[in-house]
Amino acid sequence: ENVGMDDKGHCIWISGNDALQSVEGLAGLRGSLPGALFIKGNRKLLSLHGLEGVENVGMDDKGHCIWISGNDALQSVEGLAGLRGSLPGALFIKGNRKLLSLHGLEGVENVGMDD
């Protein structure tokens, strides 16, 4: 249930896993992450279901809270529906070719900025 972070402020870093289709194995996470959530270059990842229990996210040393990019098959960010309130840093979503909406981020009221 508890997640630490590395020296750059990343709590969860999921990157370059060409066969990864799901993050449902993270469904036990609950509450706040002290650092950033980074999901990049996972070509077959379809959704972020499994992260619904995450309510808040901290930021990394560059001012990013959530970074989601280059996930070619990603169709939904609804797995982030548990997020509530303000993000202290930037929300970066880019190059997810099949992502049609940001449904799931309705609970985010404010977004900070990066460096």
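Colleague: Is W13 buried, partly exposed or exposed?

Modeller: W13 counts as partly exposed, because its relative accessibility is 47%. Buried means under 20% relative accessible area, exposed over 50%, and partly exposed in between, with a 1.4 Å probe and protein chains only. Please note that this is a predicted model, in which local features need pLDDT of at least 70 and side-chain atom pairs count only at pLDDT 80 or more, while totals for chains, interfaces and linings use all residues. Residues are numbered from 1 along each chain as its sequence is written, and side-chain values use heavy atoms, with hydrogens and water left out.

Colleague: How many aromatic pairs does the structure hold?

Modeller: There are three aromatic pairs. Rings of Phe, Tyr and Trp (its six-membered ring) pair if their centres lie within 6.5 Å; planes under 30 degrees apart count as stacked, over 60 as edge-to-face and the rest as tilted.

Colleague: Why is the pair of W13 and F38 stacked?

Modeller: The ring centres of W13 and F38 are 3.8 Å apart and the planes lie at 15°, so the pair is stacked. W13 belongs to strand 1 (residues 10-15) and F38 to strand 3 (residues 36-40), so this pair ties together parts 25 residues apart in sequence. Strands (E, at least two residues) are DSSP runs, numbered from the N terminus.

Colleague: And F38, buried or exposed?

Modeller: F38 counts as buried, because its relative accessibility is 10%. The rings of F38 and W67 have centres 5.8 Å apart and planes at 20°, so that pair is stacked.

Colleague: Which residues do ring pairs link into a cluster?

Modeller: The cluster consists of W13, F38, W67 and F92.

Colleague: New topic: where is D61 found?

Modeller: D61 sits in the loop between strand 4 (54-57) and strand 5 (64-69).

How values were computed. Helix = DSSP H or I, 4+ residues; strand = E, 2+ residues; numbered from the N terminus.
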